[in-house]
Amino acid sequence: MLTTIGGRGPPRKRSPIADIRCPAIIQPRREIYQLPLLGTVSAMTKEIDEILAELSQLSACRPQNLDLKGLSRYKIPGKVNMALGGLIWRAEELGRNALDALSRQDFVTSAILTRALMETAGGIVLLHNIVEKSIKQGLIEGFDKKINSLLMGSKNWEEMDNPIHVNDMLREVQKIIPNYLDEHYASLSEYAHPNWCGAFGAYGTIYEGEARISFSHDGDAADRQRGSILGRLCGSIGLCLGYYHMVEQILGDFVTVVEAFYADRAESERAI
């Protein structure tokens, strides 16, 4: 049994809700997407198949145990691995549940989860960039504090480092994906608040000339909401997966840099 996401039912009069436009990171096709009801199996479109395949890869990437001593005798490489592991676990959970909510036409929930996934992608990209910079330019004294802020940053406990602001993470992505923060993330942020997209705009249908309103998951904005969320979900999952592997690939070089940094510091201290 299939449920056709985007089935409109009886024709409706056009309303202002139908004019919402949210361009996606990866522009989805405009055809109707067919998703399975819970507990059933069905044919899916290419986009959904790709998301499911990448979610499966994210799941396989999640570390179960880390041998920190086996990686390096110094703590910094282990902290990088810990930060990466936490981020990839978060990415898989958010992506999986965002797609599940989308299949149920819970657009607000899916948009909020996808927005959180975009933030997580920003964290992984930021982690990659600071590790890569250290390999190219050498480890700096403040690197440990930077990693601590990403790994254990919190505003709730005074003894912990201040967290890295999420907008700083998103700006790292915006360097490679134009308007990632200013347009794509900002668009999904509208769903996170009980305003237009996050309330009436998500569920309401205006019947012009009839002085009548209806509420459902299949309101006039449903098709555009689906395309907007799906594109950003697909793009962010791919971003998380790609940059996870990029960090993995350069981690060995980073360990070498860390070892050299502490060896040089020890040599300098002996020379004093």
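Helices (H or I, at least four residues) and strands (E, at least two) are DSSP runs, numbered from the N terminus. Colour the chain by these elements: along the sequence, the pattern reads β-β-α-α-α-α-α-α-α-α-β-β-α, which comprises nine helices and four strands. This is a predicted model, in which local features need pLDDT of at least 70 and side-chain atom pairs count only at pLDDT 80 or more, while totals for chains, interfaces and linings use all residues. Residues are numbered from 1 along each chain as its sequence is written, and side-chain values use heavy atoms, with hydrogens and water left out.

**The whole chain**

Show the surface. Its accessible area is about 14,200 Å², and 54% of this belongs to carbon and sulfur atoms; the areas come from the Shrake-Rupley method with a 1.4 Å probe, and for residues only the protein chains shown count as cover. Of the 272 residues, 46% are buried. Buried means under 20% relative accessible area, exposed over 50%, and partly exposed in between (1.4 Å probe, protein chains only).

**The nonpolar core**

Next, select I51, L58, V80, L127, L139, F143 and F254. These residues have the most contacts inside the largest nonpolar core, which has 63 residues. Such a core is a set of buried Ala, Val, Leu, Ile, Met, Phe, Trp, Tyr and Cys residues joined through side-chain atoms within 4.5 Å. Helix α9 (222–271) is among the elements that give two or more residues to this core, and α9 gives the most, with 19 residues. In soluble globular proteins, nonpolar side chains tend to be buried together.

Centre the view on F254. Which residues is F254 in contact with, leaving aside its neighbours within four places in sequence? They are I76, P77, V80, V131, S134, I135, L139 and F143, where contact means heavy atoms within 4.5 Å.

**The hairpin**

Move to residues 204–207 and 212–215. These are strands β3 and β4, which run antiparallel and are joined by four bridges; two strands pair if DSSP finds at least two bridges between them. G204 has F215 in β4 as its bridge partner. The two strands form a hairpin with four residues between them, and G209 in the turn has a positive phi of about 80 degrees.

**A network of charges**

Select R62, E92 and R96, which are linked in a network of salt bridges. A salt bridge is a side-chain nitrogen of Lys or Arg within 4 Å of a carboxyl oxygen of Asp or Glu. The N to O distance is 3.4 Å between E92 and R62. E92 lies in helix α3 and R62 in the loop between α1 and α2, so this pair ties together parts that are 30 residues apart in sequence. Between E92 and R96 the N to O distance is 2.8 Å; these two are four residues apart in helix α3 and therefore separated by about one helical turn. Is E92 buried or exposed? At 5% relative accessibility, E92 is buried, whereas R96, at 39%, is partly exposed.

**Two loops**

Finally, select Q105, in the loop between α3 and α4. Q105 is not a glycine, yet has a positive phi of about 65 degrees; at 15% relative accessibility, Q105 is buried. N179, in the loop between α6 and α7, is also a residue other than glycine with a positive phi, near 65 degrees. With a relative accessible area of 36%, N179 is partly exposed.
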